[in-house]
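Visitor: I'd like to learn how to read a few features off a model like this one. Could you walk me through it?

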Amino acid sequence: MENCLLKREEWWLSINILSPTLPQRYIDRLSADLPERPEELFNSLDRALLPAANTIPANDSHGLGKVFMTRVIEEMWRLGRMQGGERYALLLFLKFQLEYLHVLKDGTKDYHRRRHESKEINLALADLLAEIRAKPTNIYIRSHYYRQNIPYFNAVAACRRLRKAMETFPCKHRGYHPDDDICIHKNLAAALHLLQKCAYAEVGSNVLRAVGKRLPKEISDHVREFVMLAEQVPMDPRVLVTTGNWGVGESRSAYSCPKLLIKKA
Ligand SMILES: [Zn+2]
């Protein structure tokens, strides 16, 4: 039975690789024969994510949620390491953050677990972005004021999608203490921080690639500002800032929960 399943061509059309009940030995064997194009792998993961999540029971005594989380992170890394797979890794990240963590299980009110999982996948994405940028084969840009590897993530589109989702989600903020930050907006602030910084670097590098050598620095800086405006990337991409001992990782006011902003006003 097992061999039959594993020998099937295009197994990813019928087997859910994210399913937490699928034994690890299956995953190991299947991983040796994956779709070659990142788009195809992403499409199968896109279809697999919510059905796999739905198999996790509310009283998860076998730790299936943790296995599921690990599998999603592994597949995000796999996409990120494929040629041209970087932007698909971001799409999987967004799917996990927006469609699994913050929508699917809304009835459970399990904010603390979600917050933990949200942090975990943010950390994984931050590590992945760092690894991708450090790859010597990635596009190498160098000028008198800019030196960085920027592969194509389409982080600009990812930011827009995340910001739109944050505007749409209702605010459930309940208190001022950091431990009360149960609201989706606060959970997603770190993700937006990560993506917005990535989008800022991406726009900067695209402008440099297009006009960097042809225009003086002052003019290309202006072009960069216009493009940032057009792409809705703020000139200060930080969402989180350090505000003294008590405010490490505080959201800047422009990104605070709507309820919190109303209370402050
Ligand atoms: Zn909120």
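Visitor: Which residue does glutamate 99 form a salt bridge with?

Guide: Look for a side-chain nitrogen of Lys or Arg within 4 Å of a carboxyl oxygen of Asp or Glu. Keep in mind that this is a predicted model. Here the partner is arginine 161, and the closest N and O atoms of the pair are 3.5 Å apart.

Visitor: Where do glutamate 99 and arginine 161 lie?

Guide: Glutamate 99 sits in helix H5 (residues 86-104) and arginine 161 in helix H7, so their bridge ties together parts that are 62 residues apart in sequence.

Visitor: Why does glutamate 99 count as partly exposed?

Guide: Partly exposed is the band between under 20% (buried) and over 50% (exposed). Glutamate 99 has a relative accessible area of 29%, so it lands in that band. Arginine 161 is partly exposed too, at 34%.

Visitor: How many salt bridges does a search of the whole structure find?

Guide: The search turns up 10. One of them pairs glutamate 131 with arginine 81, with 2.8 Å between the closest N and O atoms. Glutamate 131 belongs to helix H6 (residues 111-134) and arginine 81 to helix H4 (residues 64-81), so this pair ties together parts that are 50 residues apart in sequence. Glutamate 131 is partly exposed, with 29% relative accessibility.

Visitor: And what do the side chains of arginine 37 and glutamate 39 do?

Guide: They meet in a salt bridge as well, at 3.3 Å from N to O. Arginine 37 has 47% relative accessibility, which means partly exposed. Glutamate 39, at 35%, also counts as partly exposed.

Visitor: Let's turn to helix packing. At what angle do H7 and H8 pack?

Guide: For a pair like this, check the angle between N-to-C directions: over 145 degrees counts as roughly antiparallel. Helix H7 (residues 155-168) and helix H8 (residues 184-211) pack at about 155°, their axes being 8 Å apart. They are therefore roughly antiparallel.

Visitor: Is the crossing of H7 and H8 left-handed or right-handed?

Guide: Left-handed. On the H7 side, the residues making the contact include Ala155, Cys159, Leu162 and Met166, while H8 brings Leu188, Leu192, Leu195 and Val203, among them.

Note on methods:
Residues are numbered from 1 along each chain as its sequence is written. This is a predicted model: local features need pLDDT of at least 70, side-chain atom pairs count only at pLDDT 80 or more; totals for chains, interfaces and linings use all residues. Side-chain values use heavy atoms; hydrogens and water are left out. Axes are lines fitted to C-alpha atoms, for helices over the stretch in contact, and angles run from 0 to 180 degrees between N-to-C directions. Helices (H or I, at least four residues) and strands (E, at least two) are DSSP runs, numbered from the N terminus. Angles under 35 degrees count as roughly parallel, over 145 as roughly antiparallel, 65 to 115 as roughly perpendicular and the rest as oblique. A crossing is left-handed if the near helix is turned anticlockwise from the far one by less than a right angle, and right-handed if clockwise. Contact means heavy atoms within 4.5 Å. Buried means under 20% relative accessible area, exposed over 50%, partly exposed in between (1.4 Å probe, protein chains only).
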